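Me: I am new to this structure and should like to learn how to read its features. Could you guide me through them in order?

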Amino acid sequence: RDDDDINDVASMAGVNLNEESARIMATNSDLVGTQIQSCKDEPFLAAIPLHKRILETAKKLGITDVPAEVVTFISHATQNRLRAVIEKVTVITQHRMESYKDDEWYEQATDVRSQLKFFEQLERLEKQRKDEQEREILLKAAKSRSRQEDPEQARLKQKAKEMQQQELAQMRQRDANLTALAAIGPRKKRKLDAPGLLSIGGEGVGLCGGSQAGLGTASPRQYPRQKITRVNLRDFIFYMEQEREMSHSLLLYRALLK
């Protein structure tokens with residue numbers, strides 16, 4: 001018995017196996033005698049159309065019988081493949097949507113948006129300069145007092161007259177708008193962010209919970225706003241270019257042509 005005590009590690013550690021077994025049985029007494037059953041295996045795709053499609057493909061290869069286990073296996077494989085594709089494309093989309101403006105480890109090298117705004121401003125100034133030159137030409141043609149006028153001079157005078165009428169109409173419209181705004185007075189912004197208020201006929205009516213009625217403010221109920229990840233065609237094309245099986249596929253070329 002002394003030899004058994006020396007070889008018994010539990011006894012050397014001061015652990016009584018009988019007490020521990022009784023304690024475990026008392027803790028999991030509700031699980032003793034219960035039978036655990038796995039959930040029903042539900043296929044991801046419709047079994048009947050998928051089986052029909054598999055049989056059509058198998059007959060071309062000389063196979064006449066396809067068991068139901070094959071259909072279930074292909075359905076699960078399709079589900080796993082689709083899940084993997086969605087996860088990878090989601091990661092690509094999240095990387096595309098990341099902003100590094102506030103990251104101290106990144107320094108902005110180029111700003112394409114500012115460059116485009118600069119070019120748009122140059123085009124606007126050039127158009128304004130051309131419009132001013134054309135306006136001066138038309139005004140000179142309108143002030144011309146020559147008795148013998150050619151058709152081009154008459155056309156310029158008519159165009160100058162139309163331009164002056166258009167400018168006069170714009171000035172009248174601007175004055176009318178300013179007069180209307182002055183008559184209305186300063187507009188006040190409606191408080192739409194007040195919790196528990198419902199606007200009916202321009203009056204705020206408080207919504208109270210329970211059987212209470214009348215004016216008042218209810219406790220605001222915060223709904224968590226779920227972040228939506230929008231995947232576009234460019235993200236999916238990038239994914240197909242990185243995949244070895246799809247980098248030279250016909251699907252990729254069709255997507256590039258869209």
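Reply: Let us begin with a term: a residue is buried under 20% relative accessible area, exposed over 50%, and partly exposed in between. Please note also that this is a predicted model.

Me: Is Arg96 buried, exposed or partly exposed?

Reply: Arg96 has a relative accessible area of 33%, and is therefore partly exposed.

Me: Which residues of α5 are buried, and what covers them?

Reply: The buried residues of α5 are Val71, Ser75, Val85, Val89, Ile92 and Thr93. Their cover includes α4 (47-60) and α8 (233-242).

Me: What span should helix α5 have, and how far apart are its end C-alpha atoms?

Reply: Helix α5 comprises 30 residues, 68-97, and at 1.5 Å a residue it should span 44 Å. Its end C-alpha atoms are 44 Å apart, which agrees with that expectation.

Me: How should I read a salt bridge, and how many does the structure hold?

Reply: Side chains of opposite charge can pair when their charged atoms come close. The structure holds 6 salt bridges. One of them joins Glu243 and Lys88, whose closest N and O atoms are 3.2 Å apart. Glu243 lies in the loop between α8 and α9 (250-257) and Lys88 in helix α5, so this pair ties together parts that are 155 residues apart in sequence.

Me: With which residue does Arg96 meet in a salt bridge?

Reply: The side chains of Arg96 and Asp235 meet at 2.8 Å, N to O. Because Arg96 belongs to helix α5 and Asp235 to helix α8, the pair ties together parts 139 residues apart in sequence. Asp235 counts as buried, at 2% relative accessibility.

Me: Which residue forms a salt bridge with Lys159?

Reply: Lys159 pairs with Glu134, the closest N and O atoms being 2.8 Å apart. This bridge links distant parts of the chain, with Lys159 in helix α7 (residues 151-184) and Glu134 in helix α6 (residues 112-143), 25 residues apart. Lys159 is partly exposed at 35% relative accessibility, and Glu134 is partly exposed at 36%.

Me: What volume does the largest pocket have, and which residues line it?

Reply: The largest pocket has a volume of about 320 Å³. Its lining consists of Tyr100, Lys101, Tyr106, Glu107, Gln108, Thr110, Asp111, Val112 and Arg113. By class, that lining has 3 nonpolar, 2 polar and 4 charged residues.

Definitions and conventions
Residues numbered from 1 in each chain as written. Predicted model: local features only at pLDDT ≥ 70, side-chain atom pairs only at ≥ 80, totals over all residues. Heavy atoms only, no water. 1 Å grid on protein atoms, 1.4 Å probe; cavity = no way out; pocket = protein on both sides within 12 Å on 5 of 7 lines; lining within 4 Å. Points joined across faces, edges and corners; volume = space filled by probe spheres on them. Nonpolar A, V, L, I, M, F, W, Y, C, P; charged D, E, K, R; others polar. Helix = DSSP H or I, 4+ residues; strand = E, 2+ residues; numbered from the N terminus. Expected span 1.5 Å × (residues − 1). Buried < 20%, exposed > 50% of the residue type's maximum accessible area, 1.4 Å probe, protein only. Contact = heavy atoms within 4.5 Å. Salt bridge = Lys/Arg side-chain N within 4 Å of Asp/Glu carboxyl O.
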